Amino acid sequence: MTTTTLDLIGNTPLVLLQGPSAEAGCEIYGKCEFTNPGASVKDRAALYIIRDAEARGELKPGGCVVEGTAGNTGIGLALVANALGYRTIIVMPDNQSQEKMATLRALGAELVTVPPTKYSDKNHFVHVSRRLAEETAGAIWANQFDNTANRKAHIEGTAKEIWEQLDGRVDGFTCAAGTGGTIAGVGMGLKEFDEKIRIALTDPHGAALYDYYAHGELKSEGSSVAEGIGQGRITANLEGAPIDTQFRISDEEGLAWVARLLQEEGLCLGLSSGINVAGAVALAKQLKADGVENPRVATILCDTGFRYLSTLYNAAWLREKGLPVFDWLERD
Ligand code: PMP
(Lines give C-alpha, C1' and ligand atoms only; values in the text may rest on other atoms or scores of the structure.)
Protein backbone atom coordinates (compact mmCIF):
# COMPACT_ATOMS: atom_id res chain seq x y z
CA MET A 1 0.00 0.00 0.00
CA THR A 2 1.29 3.47 -0.84
CA THR A 3 1.94 5.76 2.12
CA THR A 4 1.12 9.45 1.70
CA THR A 5 2.28 12.28 3.94
CA LEU A 6 -1.11 12.33 5.65
CA ASP A 7 -0.56 8.69 6.73
CA LEU A 8 2.30 10.01 8.89
CA ILE A 9 -0.29 11.49 11.27
CA GLY A 10 -1.09 9.29 14.26
CA ASN A 11 0.20 5.79 15.12
CA THR A 12 2.70 7.46 17.44
CA PRO A 13 4.98 5.44 19.74
CA LEU A 14 4.11 4.89 23.39
CA VAL A 15 7.18 4.92 25.65
CA LEU A 16 7.69 3.77 29.22
CA LEU A 17 8.82 6.86 31.15
CA GLN A 18 11.58 5.80 33.55
CA GLY A 19 11.65 8.74 36.01
CA PRO A 20 7.88 9.07 36.41
CA SER A 21 7.52 5.27 36.75
CA ALA A 22 10.21 5.21 39.48
CA GLU A 23 8.52 8.12 41.25
CA ALA A 24 5.10 6.42 41.23
CA GLY A 25 6.40 2.87 41.76
CA CYS A 26 4.48 1.53 38.74
CA GLU A 27 4.34 1.93 34.95
CA ILE A 28 3.73 5.34 33.42
CA TYR A 29 3.66 5.66 29.64
CA GLY A 30 3.91 8.71 27.38
CA LYS A 31 2.32 8.90 23.94
CA CYS A 32 4.90 10.59 21.72
CA GLU A 33 2.71 13.06 19.85
CA PHE A 34 5.76 15.17 18.99
CA THR A 35 6.54 12.52 16.34
CA ASN A 36 3.58 13.69 14.21
CA PRO A 37 4.71 15.63 11.11
CA GLY A 38 3.68 18.97 12.66
CA ALA A 39 5.37 17.89 15.94
CA SER A 40 2.19 18.02 18.04
CA VAL A 41 -0.94 16.13 19.03
CA LYS A 42 -3.01 18.63 17.05
CA ASP A 43 -2.16 17.14 13.65
CA ARG A 44 -4.75 14.48 14.45
CA ALA A 45 -7.58 16.98 15.01
CA ALA A 46 -6.49 19.00 11.95
CA LEU A 47 -6.75 15.95 9.67
CA TYR A 48 -10.15 14.90 11.04
CA ILE A 49 -11.59 18.44 10.84
CA ILE A 50 -10.51 18.87 7.21
CA ARG A 51 -11.67 15.39 6.15
CA ASP A 52 -15.02 15.97 7.89
CA ALA A 53 -15.53 19.33 6.11
CA GLU A 54 -14.75 17.65 2.79
CA ALA A 55 -17.14 14.79 3.50
CA ARG A 56 -19.93 17.25 4.35
CA GLY A 57 -19.25 19.06 1.07
CA GLU A 58 -18.34 22.34 2.81
CA LEU A 59 -14.68 22.38 1.82
CA LYS A 60 -14.26 22.30 -1.94
CA PRO A 61 -11.14 22.03 -4.15
CA GLY A 62 -9.03 25.19 -3.86
CA GLY A 63 -10.90 26.26 -0.70
CA CYS A 64 -9.55 27.85 2.43
CA VAL A 65 -9.35 26.76 6.09
CA VAL A 66 -9.53 29.47 8.76
CA GLU A 67 -8.83 28.86 12.44
CA GLY A 68 -8.07 30.54 15.74
CA THR A 69 -5.36 28.65 17.62
CA ALA A 70 -2.57 28.82 20.18
CA GLY A 71 -0.47 27.63 17.22
CA ASN A 72 -0.24 23.86 17.11
CA THR A 73 -3.63 23.33 15.46
CA GLY A 74 -2.68 25.98 12.93
CA ILE A 75 0.54 24.12 12.12
CA GLY A 76 -1.39 20.85 11.69
CA LEU A 77 -4.04 22.52 9.53
CA ALA A 78 -1.42 24.23 7.35
CA LEU A 79 0.38 20.92 6.71
CA VAL A 80 -2.80 19.01 5.91
CA ALA A 81 -4.16 21.90 3.79
CA ASN A 82 -0.91 22.09 1.81
CA ALA A 83 -1.06 18.36 1.15
CA LEU A 84 -4.66 18.63 -0.10
CA GLY A 85 -4.42 21.93 -1.99
CA TYR A 86 -6.18 24.34 0.37
CA ARG A 87 -5.14 27.77 1.71
CA THR A 88 -4.95 28.47 5.46
CA ILE A 89 -5.55 31.63 7.45
CA ILE A 90 -4.50 31.35 11.09
CA VAL A 91 -5.41 33.75 13.91
CA MET A 92 -3.18 33.54 17.00
CA PRO A 93 -2.85 35.50 20.24
CA ASP A 94 0.49 37.36 20.09
CA ASN A 95 1.73 36.03 23.46
CA GLN A 96 2.38 32.56 22.05
CA SER A 97 5.91 31.42 21.20
CA GLN A 98 7.80 33.07 18.33
CA GLU A 99 8.71 29.62 17.07
CA LYS A 100 5.08 28.72 16.41
CA MET A 101 4.52 31.95 14.49
CA ALA A 102 7.72 31.47 12.46
CA THR A 103 6.69 27.88 11.70
CA LEU A 104 3.25 28.96 10.48
CA ARG A 105 4.80 31.60 8.21
CA ALA A 106 7.32 29.05 6.91
CA LEU A 107 4.48 26.67 6.03
CA GLY A 108 2.81 29.39 3.97
CA ALA A 109 -0.16 30.03 6.26
CA GLU A 110 -1.50 33.59 6.32
CA LEU A 111 -0.92 34.61 9.92
CA VAL A 112 -3.01 37.16 11.79
CA THR A 113 -1.96 37.95 15.37
CA VAL A 114 -4.24 39.61 17.92
CA PRO A 115 -3.69 40.75 21.52
CA PRO A 116 -4.67 38.08 24.08
CA THR A 117 -8.14 38.81 25.52
CA LYS A 118 -10.90 37.03 27.39
CA TYR A 119 -13.21 34.73 25.42
CA SER A 120 -16.09 37.14 26.14
CA ASP A 121 -14.26 39.93 24.22
CA LYS A 122 -15.37 40.17 20.58
CA ASN A 123 -11.73 40.45 19.50
CA HIS A 124 -10.72 37.14 21.11
CA PHE A 125 -8.76 35.08 18.56
CA VAL A 126 -11.58 32.54 18.23
CA HIS A 127 -14.18 35.20 17.32
CA VAL A 128 -11.80 36.99 14.93
CA SER A 129 -11.18 33.70 13.13
CA ARG A 130 -14.91 32.98 12.85
CA ARG A 131 -15.57 36.39 11.31
CA LEU A 132 -12.64 36.00 8.89
CA ALA A 133 -14.03 32.65 7.76
CA GLU A 134 -17.45 34.20 7.14
CA GLU A 135 -15.88 37.02 5.08
CA THR A 136 -13.59 34.80 2.99
CA ALA A 137 -14.96 33.18 -0.18
CA GLY A 138 -14.69 29.38 -0.22
CA ALA A 139 -13.54 29.27 3.42
CA ILE A 140 -14.53 27.00 6.27
CA TRP A 141 -14.04 27.75 9.97
CA ALA A 142 -12.28 24.76 11.57
CA ASN A 143 -13.75 25.64 15.01
CA GLN A 144 -11.60 23.13 16.91
CA PHE A 145 -13.18 23.98 20.29
CA ASP A 146 -16.75 23.11 19.33
CA ASN A 147 -16.27 20.87 16.30
CA THR A 148 -16.44 17.30 17.59
CA ALA A 149 -14.51 15.95 14.59
CA ASN A 150 -11.62 16.97 16.88
CA ARG A 151 -12.41 14.47 19.65
CA LYS A 152 -13.39 11.82 17.11
CA ALA A 153 -9.72 11.76 16.03
CA HIS A 154 -8.87 10.63 19.57
CA ILE A 155 -11.77 8.17 19.97
CA GLU A 156 -10.88 6.38 16.74
CA GLY A 157 -7.10 7.00 16.83
CA THR A 158 -5.30 7.84 20.07
CA ALA A 159 -7.49 5.73 22.42
CA LYS A 160 -7.41 2.65 20.20
CA GLU A 161 -3.65 2.96 19.77
CA ILE A 162 -3.06 3.23 23.55
CA TRP A 163 -5.31 0.21 24.20
CA GLU A 164 -3.48 -1.89 21.60
CA GLN A 165 0.01 -0.68 22.59
CA LEU A 166 -0.67 -1.69 26.22
CA ASP A 167 -2.20 -5.05 25.17
CA GLY A 168 -5.49 -4.08 26.79
CA ARG A 169 -3.93 -3.62 30.21
CA VAL A 170 -4.42 0.03 31.19
CA ASP A 171 -5.78 1.35 34.48
CA GLY A 172 -5.69 5.11 34.05
CA PHE A 173 -5.33 7.93 31.56
CA THR A 174 -4.88 11.64 32.13
CA CYS A 175 -4.07 14.83 30.26
CA ALA A 176 -4.80 18.56 30.33
CA ALA A 177 -7.42 20.27 28.15
CA GLY A 178 -7.13 23.03 25.62
CA THR A 179 -10.12 22.32 23.40
CA GLY A 180 -10.71 19.15 25.46
CA GLY A 181 -10.61 17.01 22.32
CA THR A 182 -7.81 14.79 23.60
CA ILE A 183 -9.09 14.15 27.14
CA ALA A 184 -12.70 13.66 26.02
CA GLY A 185 -11.87 11.55 22.97
CA VAL A 186 -9.28 9.31 24.62
CA GLY A 187 -11.54 9.02 27.68
CA MET A 188 -14.56 8.00 25.61
CA GLY A 189 -12.54 5.63 23.45
CA LEU A 190 -10.85 3.88 26.39
CA LYS A 191 -14.15 3.54 28.28
CA GLU A 192 -15.57 1.71 25.25
CA PHE A 193 -12.83 -0.89 25.72
CA ASP A 194 -13.07 -1.01 29.52
CA GLU A 195 -15.45 1.09 31.62
CA LYS A 196 -13.16 0.69 34.68
CA ILE A 197 -10.25 2.67 33.23
CA ARG A 198 -9.96 5.79 35.39
CA ILE A 199 -9.96 9.02 33.38
CA ALA A 200 -8.47 12.07 35.10
CA LEU A 201 -8.39 15.68 33.98
CA THR A 202 -5.08 17.38 34.76
CA ASP A 203 -5.70 21.12 34.93
CA PRO A 204 -3.10 23.91 35.01
CA HIS A 205 -3.56 26.90 37.31
CA GLY A 206 -5.72 29.63 35.78
CA ALA A 207 -8.11 27.11 34.15
CA ALA A 208 -11.68 26.52 35.31
CA LEU A 209 -12.18 22.81 34.68
CA TYR A 210 -10.71 21.46 37.93
CA ASP A 211 -13.41 23.23 39.93
CA TYR A 212 -16.06 22.26 37.42
CA TYR A 213 -15.36 18.53 37.72
CA ALA A 214 -14.66 18.70 41.48
CA HIS A 215 -17.51 21.00 42.56
CA GLY A 216 -19.73 21.65 39.52
CA GLU A 217 -18.63 25.27 39.21
CA LEU A 218 -16.44 26.86 36.52
CA LYS A 219 -13.95 28.80 38.62
CA SER A 220 -10.27 29.60 38.18
CA GLU A 221 -7.43 30.84 40.33
CA GLY A 222 -3.83 31.74 39.56
CA SER A 223 -2.29 31.53 36.12
CA SER A 224 -0.02 29.43 33.93
CA VAL A 225 2.49 30.10 31.17
CA ALA A 226 1.73 26.74 29.52
CA GLU A 227 0.66 27.21 25.91
CA GLY A 228 -2.27 25.31 24.38
CA ILE A 229 -3.97 24.30 27.64
CA GLY A 230 -6.20 25.97 30.23
CA GLN A 231 -9.91 26.12 29.42
CA GLY A 232 -12.58 28.32 31.01
CA ARG A 233 -15.74 26.77 29.57
CA ILE A 234 -17.32 23.44 28.64
CA THR A 235 -16.61 23.24 24.91
CA ALA A 236 -18.69 20.94 22.71
CA ASN A 237 -15.72 18.58 22.71
CA LEU A 238 -15.82 18.42 26.53
CA GLU A 239 -19.56 17.77 26.71
CA GLY A 240 -20.12 14.26 28.05
CA ALA A 241 -16.41 13.66 28.69
CA PRO A 242 -16.14 10.74 31.15
CA ILE A 243 -13.96 12.46 33.79
CA ASP A 244 -13.68 10.36 36.97
CA THR A 245 -11.23 12.50 38.90
CA GLN A 246 -9.10 15.64 38.56
CA PHE A 247 -5.76 17.12 39.57
CA ARG A 248 -4.49 20.70 39.61
CA ILE A 249 -0.83 21.01 38.67
CA SER A 250 1.39 24.10 38.96
CA ASP A 251 3.84 25.33 36.30
CA GLU A 252 6.69 24.62 38.76
CA GLU A 253 5.66 20.95 39.07
CA GLY A 254 5.27 20.66 35.29
CA LEU A 255 8.62 22.34 34.65
CA ALA A 256 10.36 20.01 37.11
CA TRP A 257 9.19 17.08 34.96
CA VAL A 258 10.18 18.87 31.73
CA ALA A 259 13.69 19.20 33.21
CA ARG A 260 13.89 15.57 34.41
CA LEU A 261 12.53 14.11 31.17
CA LEU A 262 15.12 16.10 29.23
CA GLN A 263 18.08 15.28 31.46
CA GLU A 264 17.27 11.68 32.32
CA GLU A 265 15.51 10.43 29.18
CA GLY A 266 16.57 12.79 26.40
CA LEU A 267 13.02 13.98 25.72
CA CYS A 268 12.73 17.68 24.82
CA LEU A 269 9.10 18.63 25.45
CA GLY A 270 6.74 21.56 25.98
CA LEU A 271 5.24 22.50 29.33
CA SER A 272 1.84 20.88 28.77
CA SER A 273 3.69 17.53 28.53
CA GLY A 274 5.38 18.18 31.89
CA ILE A 275 2.04 19.07 33.47
CA ASN A 276 0.51 15.90 32.00
CA VAL A 277 3.31 13.76 33.43
CA ALA A 278 2.87 15.33 36.89
CA GLY A 279 -0.85 14.47 36.59
CA ALA A 280 -0.02 10.90 35.54
CA VAL A 281 2.19 10.42 38.61
CA ALA A 282 -0.65 11.76 40.82
CA LEU A 283 -3.17 9.44 39.14
CA ALA A 284 -0.89 6.40 39.54
CA LYS A 285 -0.44 7.17 43.25
CA GLN A 286 -4.21 7.56 43.66
CA LEU A 287 -4.88 4.22 41.92
CA LYS A 288 -2.32 2.52 44.18
CA ALA A 289 -3.86 4.10 47.29
CA ASP A 290 -7.22 2.71 46.11
CA GLY A 291 -5.78 -0.80 46.01
CA VAL A 292 -5.03 -1.20 42.29
CA GLU A 293 -1.87 -3.33 42.08
CA ASN A 294 0.89 -2.11 39.77
CA PRO A 295 -1.36 0.30 37.88
CA ARG A 296 -0.49 1.25 34.33
CA VAL A 297 -1.16 4.88 33.49
CA ALA A 298 -0.84 6.62 30.12
CA THR A 299 -0.56 10.31 29.26
CA ILE A 300 0.19 12.55 26.31
CA LEU A 301 3.55 14.11 25.40
CA CYS A 302 1.83 16.86 23.42
CA ASP A 303 4.53 18.70 21.50
CA THR A 304 8.24 19.23 20.97
CA GLY A 305 10.30 21.51 23.19
CA PHE A 306 12.03 22.89 20.08
CA ARG A 307 8.89 25.01 19.76
CA TYR A 308 9.81 26.81 23.01
CA LEU A 309 13.56 27.55 22.70
CA SER A 310 12.84 31.26 23.19
CA THR A 311 10.69 30.63 26.28
CA LEU A 312 10.95 27.45 28.41
CA TYR A 313 14.57 26.86 27.39
CA ASN A 314 15.65 30.49 27.76
CA ALA A 315 17.04 31.58 31.16
CA ALA A 316 16.05 35.26 30.74
CA TRP A 317 12.45 34.36 29.91
CA LEU A 318 12.13 31.92 32.82
CA ARG A 319 13.55 34.53 35.19
CA GLU A 320 11.15 37.19 33.88
CA LYS A 321 8.23 34.84 34.59
CA GLY A 322 9.52 34.13 38.10
CA LEU A 323 10.13 30.46 37.26
CA PRO A 324 13.14 28.35 38.26
CA VAL A 325 15.93 28.35 35.67
CA PHE A 326 17.43 25.00 34.59
CA ASP A 327 21.12 25.01 35.73
CA TRP A 328 22.44 24.05 32.32
CA LEU A 329 20.90 27.16 30.72
CA GLU A 330 23.20 29.32 32.84
CA ARG A 331 26.45 27.74 31.57
CA ASP A 332 28.81 30.14 29.73
N1 PMP B 1 -0.71 20.83 24.64
C2 PMP B 1 -0.42 21.66 23.63
C3 PMP B 1 1.00 22.15 23.47
C4 PMP B 1 -1.43 22.08 22.74
O5 PMP B 1 -1.15 22.93 21.73
C6 PMP B 1 -2.75 21.61 22.94
C7 PMP B 1 -3.84 22.04 21.99
N8 PMP B 1 -4.40 23.28 22.24
C9 PMP B 1 -3.02 20.76 24.03
C10 PMP B 1 -1.96 20.37 24.85
C11 PMP B 1 -4.41 20.30 24.40
O12 PMP B 1 -5.05 19.51 23.47
P13 PMP B 1 -6.62 19.55 23.27
O14 PMP B 1 -6.94 20.77 22.44
O15 PMP B 1 -6.95 18.30 22.56
O16 PMP B 1 -7.30 19.66 24.60
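The buried residues of helix H9 (residues 251-265) are covered by elements that include helix H1 (18-24), strand S9 (245-249) and helix H10 (271-289). Helices (H or I, at least four residues) and strands (E, at least two) are DSSP runs, numbered from the N terminus. The model is predicted; local features need pLDDT of at least 70, side-chain atom pairs count only at pLDDT 80 or more, and totals for chains, interfaces and linings use all residues. Residues are numbered from 1 along each chain as its sequence is written.

The buried residues of H9 are Asp-251, Gly-254, Leu-255, Trp-257, Val-258 and Leu-261. Buried denotes 20 or more other C-beta atoms within 10 Å of the residue's own, with C-beta atoms placed from the backbone. These residues lie on the same side of H9 because they cover an arc of only 160° around the axis. The arc is taken over directions from the helix axis to the C-beta atoms. Gly-266 follows H9 and has a positive phi, near 70°.

The chain is assigned domain 1 (5-40 + 154-321) and domain 2 (41-141). The bounds come from an automatic or database domain assignment. Their centres, taken over C-alpha atoms, are 24 Å apart. In domain 1, 27 residues are in contact with 20 residues of domain 2. Contact requires C-beta atoms, placed from the backbone, within 7 Å. On the side of domain 1 that touches domain 2, helix H6 (149-165) and helix H7 (181-193) are the elements giving two or more residues. H6 gives the most, with three residues.

Terms used: Expected span 1.5 Å × (residues − 1). Buried ≥ 20, exposed ≤ 12 C-beta atoms within 10 Å, placed from the backbone. Contact = placed C-beta atoms within 7 Å.
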